[in-house]
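Keep the sequence and the model open while reading.

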Amino acid sequence: MSEIATLKIWRGDDKKAGLWETHEVPFERGQSVLDGLRWIRANRDPSLAIRFSCINANACKECMMELDGTTIYACTARLEPRVMSLSPLSNKQLVRDLVTEIAPPGERWPLARK
Ligand code: FES
């Protein structure tokens, strides 16, 4: 039987009213957390909001999120065959799900007010 990684993912667009969703993804050694999230979007839920650009070069810095409460780059953090809790950056403005506003304040488009 093949191994699985269990990704517990915070979902929502309001930090006070989100919920945790759990997905099991096929695990292969060497995969990144971003690989697991992209697998979920392709195979389970295309509405999951994640942001990435360079995919694995650690160059764009767009895939930052928290893994078990620690800030990581999802493209370089290794997927592991265990429960991994993923949440948006707690110190940034939330956009939706795992996406937060990371552009410097003077360089961002205004977000719609809720
Ligand atoms: S996707 Fe570019 S740094 Fe992670």
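## The sheet

Strands E1 and E2 run antiparallel and are joined by 8 bridges. Strands here are DSSP runs of E with at least two residues, helices are runs of H or I with at least four, and both are numbered from the N terminus. Two strands count as paired if DSSP finds at least two bridges between them. The model is predicted: local features need pLDDT of at least 70, side-chain atom pairs count only at pLDDT 80 or more, and totals for chains, interfaces and linings use all residues. Residues are numbered from 1 along each chain as its sequence is written.

E1 and E5 pair in the parallel sense, over 4 bridges.

In what order do the strands of the open sheet lie? The order is E2-E1-E5-E3-E4, 5 strands with mixed pairing. E2 and E4 are at the edges with a single partner strand each, so one side of each has no neighbour in the sheet. From one strand to the next, the twist averages 35°. Such angles run from 0 to 180 degrees between N-to-C directions, with axes as lines fitted to C-alpha atoms, for helices over the stretch in contact.

## The hairpin and its neighbour

E3 spans residues 64-67 and E4 spans residues 70-73. These two strands pair in the antiparallel sense over 4 bridges. Leu67 has Thr70 in E4 as its bridge partner. The hairpin has 2 residues between the strands, and Asp68 takes a positive phi near 50° there.

E3 also pairs with E5, residues 83-87. That pair is antiparallel, with 2 bridges. Glu66 stands opposite Ser87 in E5.

## The helix on the sheet

The chain has 1 helix and 7 strands. Along the sequence the pattern is β-β-α-β-β-β-β-β. Helix H1 covers residues 33-43, and its buried residues are Val33, Leu34, Asp35, Gly36 and Leu37. Buried means 20 or more other C-beta atoms within 10 Å of the residue's own; exposed means 12 or fewer, and partly exposed lies in between, with C-beta atoms placed from the backbone.

What do the buried residues of H1 pack against? They pack against E1 (4-11), E2 (19-26), E3 and E5. Val33 opens the helix range. Leaving aside neighbours within four places in sequence, Val33 is in contact with Leu67, Ala74, Ala77, Leu79, Met84 and Leu86. Contact means that the C-beta atoms of two residues, placed from the backbone, lie within 7 Å.

## The core

The largest nonpolar core has 19 residues. Val33, Cys63, Ala74 and Leu86 have the most contacts inside it. E1, H1, E3 and E5 are the elements that give two or more residues to this core. A nonpolar core is a set of buried Ala, Val, Leu, Ile, Met, Phe, Trp, Tyr and Cys residues joined through C-beta atoms within 7 Å.

Met84 lies in E5. Why does Met84 count as buried? Because 20 other C-beta atoms lie within 10 Å of Met84. Leaving aside neighbours within four places in sequence, the contacts of Met84 are Ala5, Thr6, Leu7, Lys8, Val33, Leu67 and Asp68. Met84 and Leu67 are 17 residues apart in sequence, yet their C-alpha atoms are 6.7 Å apart.

Cys75 sits in the loop between E4 and E5. Cys75 is buried because 24 other C-beta atoms lie within 10 Å. With neighbours within four places set aside, its contacts are Ser32, Leu34, Phe52, Ile55, Asn56, Asn58 and Cys63. Thr22 is 53 residues from Cys75 along the chain, and their C-alpha atoms are separated by 20 Å.

## The whole chain

Along the principal axes, the C-alpha atoms fill a box of roughly 50 × 30 × 25 Å.

Of the 114 residues, 24% count as buried. Among contacts between residues at least 6 apart in sequence, 46% join residues at least 24 apart.
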